[in-house]
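Visitor: I am new to this structure, and I would like to understand the words used to describe it. Could you take me through them with care?

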Amino acid sequence: MTSLLKYPTQTNILIVDDTPDNLRLLAKILESQGYIVRKSLNGRMALQGVQRDPPNLILLDINMPEMNGYEICEKLKASESTAYIPVIFISALERLEDKVRAFELGGVDYITKPFQEQEVLARVKNQLLIQQQHQQLIEQNQRLEQEIKDRLKAEAEVRKLSLTDDLTGLYNRRGFFLLAEQQLKIARRTQTPCCVLFADLDGLKKINDTLGHELGDRVIMDAAQILKETFRDADIVARLGGDEFSLFLPGGESHSTDFQARLQANLDCFNLTSNRAYILSISMGVQPCDLNQNYSLEQWISKADKLMYEHKQMKYLQNHV
């Protein structure tokens, strides 16, 4: 059987039975496995105890005076604060109609007396596992919904504040930080690989000096288009200013290792077919984010910037050998 998500010592079980011997026997069986056990001799005490401190599971006898197990279960399921607590009925009643009624009222299982220790433990463990997995799924869905809301909110802020670069249509510095910081938080929370890139055009000053700033702007626009074509829609691509670009890549490591070849192929194709008066070249630094390090986005960009400078120096040396 799959292991429980919580230890027995973290699990609180309430037994409701008007027979003290049954209470003691069930409590002994469960406590031998480390479960925290509470006992109640009647329905009124049980309901009060559940309201004060809801248990993780209830073992509920059917035949009891004043308020039987069916009536107790109905009251539990009628209250929003206790409806989620799984109830296992325990009874000497073996008729089919008794069992059917127990399930119709919201019971999750049915154990007949006299108890068999291994059966009790197996059924209890099974229901605790189902409950814990259900709760885990709810929490995962809630986190996912919140992440979607956060992303939509961040994107709405980008649109509202027009945080895009007029020349290239990419995000500008403010737009990049707004979205990338949000994605970095999600990556840390989900332990999903991501990396930061810093890119810089090669030789833009020379192009500006010899061909003019208007053509220099054309180079920046061409570079932005190449970057957009190279990377995914999920990647955040921005022009920080001048001829500097920054990118945030969420997702798997495989993507972060194949884009460099794709970028160079796109640059080569552009230079062969565009008939521009210049050769488009981009130096880039790639910095994977170690999610165990509490670095800010600014610090990751700074590291990527240093790697970009090393890349630019290496290309310069290769061209002047």
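Guide: What follows is a set of questions and answers on a predicted model.

Visitor: Why is aspartate 61 called buried?

Guide: Buried means under 20% relative accessible area, and because aspartate 61 has a relative accessible area of 3%, aspartate 61 counts as buried. This aspartate is found in strand 3, residues 57-61, and UniProt, in an unreviewed entry, places the feature "modified residue: 4-aspartylphosphate" at Asp61. Leaving aside neighbours within four places in sequence, the residues in contact with aspartate 61 include Asp17, Asp18 and Lys113.

Visitor: What makes the pair of aspartate 98 and arginine 95 a salt bridge?

Guide: Side chains of opposite charge can pair when their charged atoms come close. The cut-off for a salt bridge is 4 Å from nitrogen to carboxyl oxygen, and the side chains of aspartate 98 and arginine 95 meet at 2.9 Å, N to O, so the pair qualifies by that definition.

Visitor: Where do lysine 315 and aspartate 202 lie in the chain?

Guide: The side chains of lysine 315 and aspartate 202 meet in a salt bridge of 2.5 Å, N to O, and this pair links distant parts of the chain, with lysine 315 in helix 10 and aspartate 202 in the loop between strand 6 and helix 7, 113 residues apart. Salt bridges that share partners join Asp200, Asp202, Lys312 and Lys315 into one network.

Terms used. Residues numbered from 1 in each chain as written. Predicted model: local features only at pLDDT ≥ 70, side-chain atom pairs only at ≥ 80, totals over all residues. Heavy atoms only, no water. UniProt positions renumbered as here; feature names shortened; annotations may be inferred. Helix = DSSP H or I, 4+ residues; strand = E, 2+ residues; numbered from the N terminus. Buried < 20%, exposed > 50% of the residue type's maximum accessible area, 1.4 Å probe, protein only. Contact = heavy atoms within 4.5 Å.
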